[in-house]
Amino acid sequence: MEDKYITIALGKGRLAKKTMELFEQIGISCSEIRDPKTRKLIFVNEEHKLRFFLSKVPDVPTYVEHGAADIGVVGLDTILEEDRNIFEVLDLGFGKCKMCICGPAEAKELLHNKELIRVATKYPKICKDYFYNTKYQTVEIIKLNGSIELAPIVGLSDVICDIVETGTTLRENGLTVLEEVCDLSARVVVNPVSFRMENDRITALISSLNGCLN
Ligand code: PRP
């Protein structure tokens with residue numbers, strides 16, 4: 001048995017729950033992490049010398065880039081937005097959704113005509129990259145922290161760049177998908193130095209997770 005712990009960063013929320021279910025399927029459990037009442041931040045599996053911690057979702061790539069976590073599990077949206085020096089090694093296939101440009105149906109024309117429009121988003125980097133490098137359209141980007149769908153309804157922006165999963169939020173607020181930016185899902189990311197130093201253990205872990213998906 002190895003002495004050093006491999007540390008795994010998970011973003012608080014839906015993906016963490018799904019990720020722990022996957023780890024349980026490969027025989028790695030950590031029951032404490034599933035206790036909704038716990039305020040603990042770090043959870044240890046002594047048998048496999050693994051350490052899990054929960055952070056805010058956008059901080060996962062930061063922990064992994066700096067080596068405070070060897071491995072992270074996070075959505076592709078966060079990976080693209082944070083743009084960190086990390087290796088993306090596995091698509092877990094769950095947490096599937098799309099990054100889309102959405103708004104009232106009338107706004108489609110503003111996109112076609114490449115007008116100077118205001119776009120509200122929690123993802124300014126992804127949004128900028130899409131409009132400037134894919135569509136060659138100049139836009140004003142307005143950064144928000146949540147409930148992005150509000151922006152076009154109250155007149156803060158013309159459209160939004162946001163995640164669509166079931167489409168319910170859009171439907172219930174009279175908005176629609178105008179353009180699709182990219183497909184998203186949960187990914188496993190690895191610190192480049194950890195990947196070299198702990199290659200056997202990390203590769204074995206990734207292979208087990210991958211085997212469980214197929
Ligand atoms: C996300 C996203 C949309 C919603 C899409 O928000 O920003 O608002 O989910 O899901 P749907 O297509 O299934 O309705 P989240 O719940 O993460 O909260 P937020 O608005 O605070 O970002």
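1. Ala, Val, Leu, Ile, Met, Phe, Trp, Tyr, Cys and Pro are counted here as nonpolar, Asp, Glu, Lys and Arg as charged, and the others, Gly among them, as polar. On that basis the shell around the ligand comprises 2 nonpolar, 6 polar and 5 charged residues.

2. The model is a predicted one, in which local features need pLDDT of at least 70 and side-chain atom pairs count only at pLDDT 80 or more, while totals for chains, interfaces and linings use all residues. Residues are numbered from 1 along each chain as its sequence is written, and side-chain values use heavy atoms, with hydrogens and water left out.

3. The ligand is surrounded by 13 residues, the closest being Lys122, Glu149, Thr166, Gly167 and Thr169; a residue is near the ligand if one of its heavy atoms lies within 4 Å of it. Strand 9 (159-164) and helix 7 (168-172) are the elements that give two or more residues to this shell, and strand 9 gives the most, with 3 residues. Helices (H or I, at least four residues) and strands (E, at least two) are DSSP runs, numbered from the N terminus.

4. A polar side-chain atom of Glu149 lies 2.7 Å from a ligand oxygen atom, a side-chain N or O atom of Asp162 is 2.8 Å from an oxygen atom of the ligand, and Gly167 places a backbone N or O atom 2.7 Å from a ligand oxygen atom. On its own the ligand has 490 Å² of accessible area, of which the protein covers 71% (Shrake-Rupley method, 1.4 Å probe).

5. The space taken by the ligand is the largest pocket, where a pocket is an open set of points on a 1 Å grid over the protein atoms alone at which a 1.4 Å probe fits, with protein on both sides within 12 Å along at least five of seven lines, and lining residues have an atom within 4 Å of a point. Its volume is about 1100 Å³, and of its 43 lining residues Arg14, Asp77, Lys122, Tyr123 and Ile163 are closest to the centre. The lining divides into 17 nonpolar, 13 polar and 13 charged residues.

6. The second largest pocket has a volume of about 400 Å³ and is lined by 16 residues, with Ile33, Asp35, Pro36, Thr38 and Leu54 nearest its centre. Helix 1 supplies the largest share of that lining, 3 residues.

Note on methods: A polar contact is a pair of N or O atoms within 3.5 Å; within protein, one must be able to donate a hydrogen and the other to accept it, and residues adjacent in sequence count only if both atoms are side-chain atoms. A molecule sits in a cavity or pocket if more than half of its atoms lie within 2 Å of its grid points. Grid points are joined across faces, edges and corners, and a volume is the space filled by probe spheres set on the points.
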